[in-house]
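Colleague: I'd like to learn how to read a model like this one. Could you walk me through it, feature by feature?

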Amino acid sequence: MGEVDPAFIQALEHQPKIIITEAEGIPLIDLSPLISCNTEAEDSSLVAEIGDACKNWGFFQVINHGVPLKCREKIESAARKFFGLSNEEKKKVSRNEVNPLGYYDTEHTKNVRDWKEVFDLTVKKPTIIPSSHQSDDKELNQLMNQWPEDLPELKEACEEYAEEMAKLAFKLLEFIALSLGLPKTRLSGIFKDHDSFLRLNHYPPCPAPHLVLGVGRHKDPNALTILGQDEVGGLEVKRKADGEWIPVKPTPNAYIINVGDLIQVWSNDEYVSVEHRVMVNSEKERLSIPFFLNPPNSTWVEPLEELINKQNPAKYKPYNWGEFLAKRARSNFEKLDVENIQISHFRI
C-alpha cells in the first residue's frame, strides 16, 4: 500500500475533507444503570436515551459498559501482532469466495477499493451460509475460522472478546426493544442462535488521505455493530439533520454502537441505519475492531407485526437474511457494474 493505485481513488464528490470543523458529536451514554441493575426509574431514563440516539442519530457511544478493559487490551495487542506479520504469513490464512473468513486486503465498498486490511472470524463454530446468492440454490457452505499457526494468542483473544461483545449486544437489544414499546426480549429472542462476525481492521498510513477512504460510505446490513477504535480515530457519521460528515472523536474505553439495516426494517423506519465511512491518516496507522450482530442465516426479515397498523403499514417486503448477505459479499471480491444490494430494493 505504498502507492495510491487508481482503484483506491474516490469519485470527486466523495473525497474526504481534510480540514474538519468542530461539531456536535454523537450521543455519549453511560450504561451504569444497565450493568448495575439499578432502579426502574434509571432504567426508564436509559431506555429513553437510547431510543432518542437510535432515532435521531443511528449512532451513539457507550461508557461503563461492563466489558473488561483487559479483554480489549488483549485483543488489540494480538491484532497488532497479526498485522505486523509479513504479507506471506498473513496470506496463509487468506479468505476467498468459498470461505469469507480470514485475512483480506483488497476489499471494495461502493465498488471502490478500501485502504485497509482485515481479518474476519465467525462467533459460531461452524457457521452455515448459503453457497451462493441465487435464491434457487439450496446448497450450503460450512465456514470455519482460520488462525495463523505461530500466533496462538490471537484465537484465544478473539474468542474471549466475541463473548463479551455478544453479552453487551444482547443487553442493548433489550433496551432498544423497550424503546420501541416492545417486550424486553422481542429482539434478543431472534438471536438465540446468532451468526455474528468479528473483524479486525488495520488502516496503514496513506500518502493521499484527501483522495481515498479506509472504508467508503456505507450502511451496515446487520442488526447492531459494536465498534472499538483506538486513539487515532477516523470514523465519520453522516448526520441525519443536515447530511454533514461528523467525526467520532475517540473516547477512552468507550464503544461506538450503530443501528444496522435489520433494526431499520424491523422498526419499519422508526430507527434508521445511517451512512458512515472511515478517513485515513497520512502519518499514523489505525486499528479498529467491529462486532457485527447477525441473526441466524435462515431468518426472514420484515417489519415486526406489533409495529404495523393501518396508519403505519409495512414499508418492506420480506427477505431472507442469508441470501441477502451472500449477495452483499459478492462486491467484496469483484467490482460490480451496479450498486450492491440494499434494503431499499425491498421497499414497498
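This is a predicted model: local features need pLDDT of at least 70, side-chain atom pairs count only at pLDDT 80 or more; totals for chains, interfaces and linings use all residues.

Colleague: Let's start inside. Which residues have the most contacts inside the largest nonpolar core?

Modeller: The general idea first: in soluble globular proteins, nonpolar side chains tend to be buried together. Here, the largest such core counts 70 residues, and I50, F119 and W266 have the most contacts within it. Helix α5, residues 152-179, supplies the largest share, 14 residues. There's also a second, separate core of ten residues, including V237, I246, V248 and V274.

Colleague: What does I50 touch, leaving aside its neighbours within four places in sequence?

Modeller: I50 is in contact with I29, L31, F60, L172, F175 and I176.

Colleague: And M165, is that one buried or exposed?

Modeller: The cut-off for buried is under 20% relative accessible area. M165 has 0%, so it is buried. M165 sits in helix α5. Not counting residues up to four places away in sequence, M165 touches V67, I226, Y255 and F291.

Colleague: Now the charged side chains. How many salt bridges does a search of the whole structure find?

Modeller: The search turns up 22. One of them pairs R95 with E107, with the closest N and O atoms 2.6 Å apart. This pair links distant parts of the chain: R95 is in the loop between α4 and β3, while E107 is in the loop between β3 and β4, twelve residues apart. Both R95 and E107 are buried.

Colleague: Which residues are linked with that pair in a network of salt bridges?

Modeller: R95 and E107 are linked with D114, K116, D120 and R199. Within that group, K116 and D114 meet at 3.6 Å, N to O. K116 counts as buried because its relative accessibility is 3%, and D114 does so at 0%.

Colleague: What about D242, which residue does it meet in a salt bridge?

Modeller: D242 meets R239, at 2.7 Å from N to O. D242 is partly exposed at 44% relative accessible area, whereas R239 is buried at 17%.

Technical notes. Residues are numbered from 1 along each chain as its sequence is written. Side-chain values use heavy atoms; hydrogens and water are left out. A nonpolar core is a set of buried Ala, Val, Leu, Ile, Met, Phe, Trp, Tyr and Cys residues joined through side-chain atoms within 4.5 Å. Buried means under 20% relative accessible area, exposed over 50%, partly exposed in between (1.4 Å probe, protein chains only). Helices (H or I, at least four residues) and strands (E, at least two) are DSSP runs, numbered from the N terminus. Contact means heavy atoms within 4.5 Å. A salt bridge is a side-chain nitrogen of Lys or Arg within 4 Å of a carboxyl oxygen of Asp or Glu.
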